[in-house]
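Subject: Structure for you to look at

Hello,

Here is the structure I promised to hand over. Please open it first, then read my notes beside it.

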Amino acid sequence: MDLQILSIVWGVQNMAASIAFWSEALHYKLKREPEPDFAILIPKTGNGMQLSLKLTTSPEPRRHHMDLMTNNQHKEVERLLGLGATRMKNWQYEKDADYVVLLDPDGNSFCVVQAPM
């Protein structure tokens, strides 16, 4: 069997807010009742990678990152901002950058990438 990714594990400090944000942002749902320190989100329909949320008490930056691809970057960035994401301040974008760096409500960074036209 080839090695495959089962899940991305995302360190969070506020489990309820993270479940709410990522469920709406990715159109995911809980796989089962969450534990106080761990939850698994899966696509509401179809196939896709699961996202596991792990409670952490460390205020240190987490060393994880997701790139989300879309055909309408502006629309998705605005939708995510409406759900509680914020823009990364002072990010130095390359001249031809096809991504926008956002922070989830827990302060974790992720990118919204424009799919090639």
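Contact here means heavy atoms within 4.5 Å. Keep that in mind for the notes below. One caution as well: this is a predicted model.

Start with E24. It sits in helix α1, residues 15-26. Which residues does E24 touch, not counting those up to four places away in sequence? They are R79 and L83. Now look at E24 and L80. They are 56 residues apart in sequence. In space, their C-alpha atoms are 8.7 Å apart.

**Salt bridges**

R79 turns up again here. Side chains of opposite charge can pair when their charged atoms come close. How many salt bridges does the count come to? The count is three.

Take E76 and R79. Their side chains meet in a salt bridge, at 2.9 Å from N to O. Both residues lie in helix α2, residues 73-83. They are three residues apart, about one turn of the helix. E76 is partly exposed, with a relative accessible area of 21%. R79 is partly exposed too, at 25%.

Next, E78 and R87. They form a salt bridge, and the closest N and O atoms are 3.5 Å apart. E78 counts as partly exposed at 38% relative accessibility. R87 counts as partly exposed at 44%.

Then D37 and K54. In this salt bridge the closest N and O atoms are 3.2 Å apart. The pair links distant parts of the chain, 17 residues apart. D37 is in the loop between β2 (28-30) and β3 (38-43). K54 is in strand β4, residues 50-55. D37 is partly exposed, with a relative accessible area of 31%. K54 is partly exposed as well, at 33%.

**A negative patch**

Which residues form the negative surface patch? They are D67, E94, D96 and D98. Find E94 in the loop between β6 (86-87) and β7 (99-103). E94 has a relative accessible area of 44%, so it is partly exposed. A patch residue needs over 30%, so E94 passes that cut-off with its 44%.

Turn to L41. It is found in strand β3. Is L41 buried or exposed? L41 is buried, because its relative accessibility is 0% and buried means under 20%. Leave out residues up to four places away in sequence, and L41 touches I19, W22, S23, Y28, K29, L30, Q50, L51 and L53. Compare T70. Its C-alpha atom is separated from that of L41 by 20 Å. Along the chain, L41 and T70 are 29 residues apart.

Most residues other than glycine have a negative phi. Two residues here have a positive one.

H27 has a phi near 60°, and it is not a glycine. H27 is found in the loop between α1 and β2. At 47% relative accessibility, H27 counts as partly exposed.

N90 also has a positive phi, of about 60°, although it is not a glycine. Where is N90? N90 is in the loop between β6 and β7. E94 is in that loop too. N90 is exposed, because its relative accessible area is 73% and exposed means over 50%.

Last, find N71. It is in the loop between β5 (66-70) and α2. N71 is exposed, with a relative accessible area of 64%. Leaving aside neighbours within four places in sequence, N71 is in contact with Q114, A115 and M117. How far apart are N71 and A115 in space, C-alpha to C-alpha? The distance is 5.2 Å. In sequence, N71 and A115 are 44 residues apart.

**Where to begin**

Begin with E24, which touches R79. From R79, follow the salt bridge to E76. Then find L41, which is buried. Finish at N71, which is exposed.

Best wishes

Terms used:
Residues are numbered from 1 along each chain as its sequence is written. This is a predicted model: local features need pLDDT of at least 70, side-chain atom pairs count only at pLDDT 80 or more; totals for chains, interfaces and linings use all residues. Side-chain values use heavy atoms; hydrogens and water are left out. Patches are made of residues with over 30% relative accessible area and no salt bridge: like charges are joined within 9 Å, nonpolar side chains (Val, Leu, Ile, Met, Phe, Trp, Tyr) within 5 Å. Accessible areas come from the Shrake-Rupley method with a 1.4 Å probe; for residues, only the protein chains shown count as cover. A salt bridge is a side-chain nitrogen of Lys or Arg within 4 Å of a carboxyl oxygen of Asp or Glu. Lys and Arg count as positive and Asp and Glu as negative; His and the chain ends are not counted. The place of a charge is taken as NZ of Lys, CZ of Arg, CG of Asp or CD of Glu. Helices (H or I, at least four residues) and strands (E, at least two) are DSSP runs, numbered from the N terminus. Buried means under 20% relative accessible area, exposed over 50%, partly exposed in between (1.4 Å probe, protein chains only).
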